[in-house]
Amino acid sequence: MYKGNSFLAIVPARGGSKRLPNKNILDLAGKPMIAWTIEAAKASKYIDTVVVTSDSSKILKIANKLSVNTLERPKILASDTASTFDVIQHVVEYLKKRFDYIVLLQPTSPLRSEKHIDEAIEFLFKKNANAVISVCKTSHTPEWINILPKNGSLSNFLKRGSTNKRSQDYDDFYRLNGAIYICKVESLLKDKSLFLRENIFAYIMDRRSSVDVDESIDLDLCRCYLD
């Protein structure tokens, strides 16, 4: 609870993963990766209820051991075509209690802590926003990023003049880091998306805390940071 408002944290965790099989339950510094997110949510000063939604019995078992609410996800919501909104709506409709805000915490961001969660909630009210989404600075300017043709030619890879610029000559660019999504329930149900059309702001996180585990190298990086 914060300023009279209630917060529901949802941790969405599918059992399958194409790039890194079973990534949500892989060991990270002595515990399943998903445990880092669950423990951060439980340690938050403001989150009232934590729900883990998954199609995996192994994930739900881990969540039960950590004493949070669990909801078995139907197969239709565990497919590649299921949207995040559909998953959230399933949780919201299942719970009898109504909450003022949803806090979506993806388990693939294990280095996001309760400090980040609480700061993001406080920032939400500071900005009088309907939604806040976490971001971090990009490592490189988008001016140096492009697709490659099949023959690997770099002839048209960079815009004219960009080869003479240093990285510090460019403005800072930011990307969504996937760690924290906070949204007013009323606005979420109206727009059917966490990324609202208006009154939405960025909560900036450092790159170290923003590691998003998608491949084995990302998990290795987390382990290095935690070592």
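What you are looking at is a predicted model, in which local features need pLDDT of at least 70 and side-chain atom pairs count only at pLDDT 80 or more, while totals for chains, interfaces and linings use all residues. Residues are numbered from 1 along each chain as its sequence is written, and side-chain values use heavy atoms, with hydrogens and water left out.

**Stop 1: the aromatic rings**

A pair of aromatic rings is described by the distance of the centres and the angle of the planes. Rings of Phe, Tyr and Trp (its six-membered ring) pair if their centres lie within 6.5 Å; planes under 30 degrees apart are stacked, over 60 edge-to-face, and the rest tilted. That rule gives five aromatic pairs here.

Now select Phe7 and Tyr101. This pair is stacked, at 5.1 Å centre to centre and 15 degrees between the planes. Here too, distant parts of the chain are linked: Phe7 is in strand E1 and Tyr101 in strand E6 (residues 101–104), 94 residues apart. Both Phe7 and Tyr101 are buried.

**Stop 2: a charge over a ring**

Jump to Lys31 and Trp36. The charged end of Lys31 sits over the ring of Trp36, 4.0 Å from its centre. For "over a ring", NZ of Lys or CZ of Arg must be within 6 Å of the ring centre and within 35 degrees of the ring normal.

**Stop 3: the nonpolar core**

A nonpolar core is a set of buried Ala, Val, Leu, Ile, Met, Phe, Trp, Tyr and Cys residues joined through side-chain atoms within 4.5 Å. Which members of the largest core touch the most others? Pick out Ile34, Ile47, Val52, Leu105, Ile180 and Ile182, from a core of 33 residues. At least two core residues come from each of E1, helix H1 (33–43), strand E4 (49–54), helix H2 (57–65), E6, H4 and strand E8 (174–184). H1 gives the largest share, with five residues.

While you're at H1, click on Thr37, which is found in that helix. Thr37 counts as buried because its relative accessibility is 0%. Thr108 is 71 residues away in sequence, yet 8.3 Å away in space, C-alpha to C-alpha.

**Stop 4**

On a 1 Å grid over the protein atoms alone, a cavity is a set of points where a 1.4 Å probe fits but cannot get out; a pocket is an open set with protein on both sides within 12 Å along at least five of seven lines, and lining residues have an atom within 4 Å of a point. Points are joined across faces, edges and corners, and a volume is the space filled by probe spheres set on them.

The largest pocket holds about 590 Å³. Of its 23 lining residues, select Pro12, Arg14, Gly16, Lys23 and Gln106, which lie nearest its centre. The lining has seven nonpolar, eight polar and eight charged residues. In this count, Ala, Val, Leu, Ile, Met, Phe, Trp, Tyr, Cys and Pro are nonpolar, Asp, Glu, Lys and Arg are charged, and the others, Gly among them, are polar.

There is one cavity of 30 Å³ or more, and the largest cavity holds about 40 Å³. To find it, select Leu8, Val92, Leu95, Lys97, Arg98, Phe99, Ile102 and Val185. This lining has six nonpolar, no polar and two charged residues.

Finish at Lys3, in the segment before E1. Lys3 has a positive phi of about 50 degrees although it is not a glycine. Lys3 counts as exposed because its relative accessibility is 60%.

Notes. Helices (H or I, at least four residues) and strands (E, at least two) are DSSP runs, numbered from the N terminus. Buried means under 20% relative accessible area, exposed over 50%, partly exposed in between (1.4 Å probe, protein chains only).
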